[in-house]
Amino acid sequence: MKKILLSLVALLGVAGTASAINVGDVVLSENWDKLYNAVDANGKNVFSLNPWTGADANGVSYQPNFTDLSKSEYLPLLNGWSSRSSYLYSCRGFVRISKTKFGGDLLSPALTALGNDTADLELNYQGIGYTSNIKFDESGTYKSGGVHDYQAYYVVVLGDGEITSGATKMQDKILYADADGNATYYKGAQIEIPTDAFINPLDTMEAWSNANTKVTLKIKGATAKTQIAFVASEYKTLPKKTDPEIDPNAPHGTNDKVCRVVLDNIKVTVDRMVTAVDNVNAAKAVKHITYCNLQGQTSAEPFEGVNIVKTVYTDGSTHVAKVIK
C-alpha cells in the first residue's frame, strides 16, 4: 500500500513529506491508573472511591484533596497534570475539580508528542456532574441530599489552537488564570451536563457507564505548546447567574452556587495534519478538487477508505494530501 500511495503522489506531481506523527495517533491519554493503584506503606489504597469525603464506607481515612499541588507528595501520580487554582480533588481512578463556593480547574501537560508538527485534534473524555450525598432516616426514607451542582463547565485551549466544534456553545470571555496565577479571560467551550449524567450518590462507579457523560471536542491548529484546561464554573468564582441550566427540575433540585465536575478517560488524538502548504493555501480560491483512490480511479467525491486529494486553485497552483474517509 505504501508503494501505491507514493506512486499516486508522484503521479499527481507532489513530493511526500515525512512526519513524526500521523492521523489517528494518540498524543495524550490519561485514565488516572496511578491514582487507582496508589497504596500506602500498609498496602491500603491511598485514595477512596468516595467523591464526597476522605473516608471509605468503613470509616478508613484516605487523602481526599490536593490542596497545594506544588507541595503534594502525590504530585508524580498526576503525570504532569496540574491545577492553577489547587482545587483539584483525587479519588481512586478519577479526579474532581472545584469545591463548595470555589471554581477549580484541571490543566493538562503540553502536547509535546506533536514535536514540530501542527495538527487538528480530537479530544474525548468523560465529564460527570457532582451530586450531594443522599441521606436516609432510620426507617430508610429519603431525608436529604441528591442535589445536582450547577450543570455547566468550560474547556479552554491554552497556547496554540482553538476549539471548533462539539461544545454546547462557545464563550469569548471565560475567566481563568495565566501561568502566574493572574486572572485572564480566554475563549473556550461551554459544556452542559445532561441531568442523567450526574453521579449516583449510592454508586459512584455506575455513572461511568452512562453514554451522556462522554464529550468529543475538535481542536484546530494545536502544537507542542498546546495545553487543555477544564474549568469548573469560572476560575475561583461562582457560576454566572446569566448562564443557563439544562434542567432546574433535577430529581432533588439544583444548586447554582456550586460547580464540581468529575473527570476521567481523557484522550487526545490527531484528527488531521496541518502542513505549511495549508497555511499558504488558506486564502486562495479553490477551482476544483479531485479524489483518487488506491486503484487509480478519480472522482469529484471522496471514495471510502484512502484518498489522494488534489486541490487546484484559481491561480494555477495545486495541493495534494492523503485523507481517509
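Mentor: In this predicted model, G161 sits in the loop that runs between β10 (152–158) and β11 (162–165). With a relative accessibility of 28%, G161 counts as partly exposed, because that class covers values between the 20% limit for buried and the 50% limit for exposed. Leaving aside residues up to four places away in sequence, G161 touches K220, G221 and A222. A further relation across the sequence is to A119, which is 42 residues apart from G161 in sequence, while their C-alpha atoms are 8.9 Å apart in space.

F47 belongs to the loop between α2 (33–37) and β2 (65–66), and Y74 to the loop between β2 and β3 (88–91), so the pair ties together parts that are 27 residues apart in sequence. F47 is buried, at a relative accessible area of 0%, and Y74, at 18% relative accessibility, counts as buried as well, because the limit is under 20%.

Rings also take part in contacts with arginine side chains: R92 lies over the face of Y36, at 6.0 Å from the ring centre, and R96 lies over the face of Y89, at 4.0 Å from the ring centre.

Definitions and conventions: Residues are numbered from 1 along each chain as its sequence is written. This is a predicted model: local features need pLDDT of at least 70, side-chain atom pairs count only at pLDDT 80 or more; totals for chains, interfaces and linings use all residues. Side-chain values use heavy atoms; hydrogens and water are left out. Helices (H or I, at least four residues) and strands (E, at least two) are DSSP runs, numbered from the N terminus. Buried means under 20% relative accessible area, exposed over 50%, partly exposed in between (1.4 Å probe, protein chains only). A charge sits over a ring if NZ of Lys or CZ of Arg is within 6 Å of the ring centre and within 35 degrees of the ring normal. Contact means heavy atoms within 4.5 Å.
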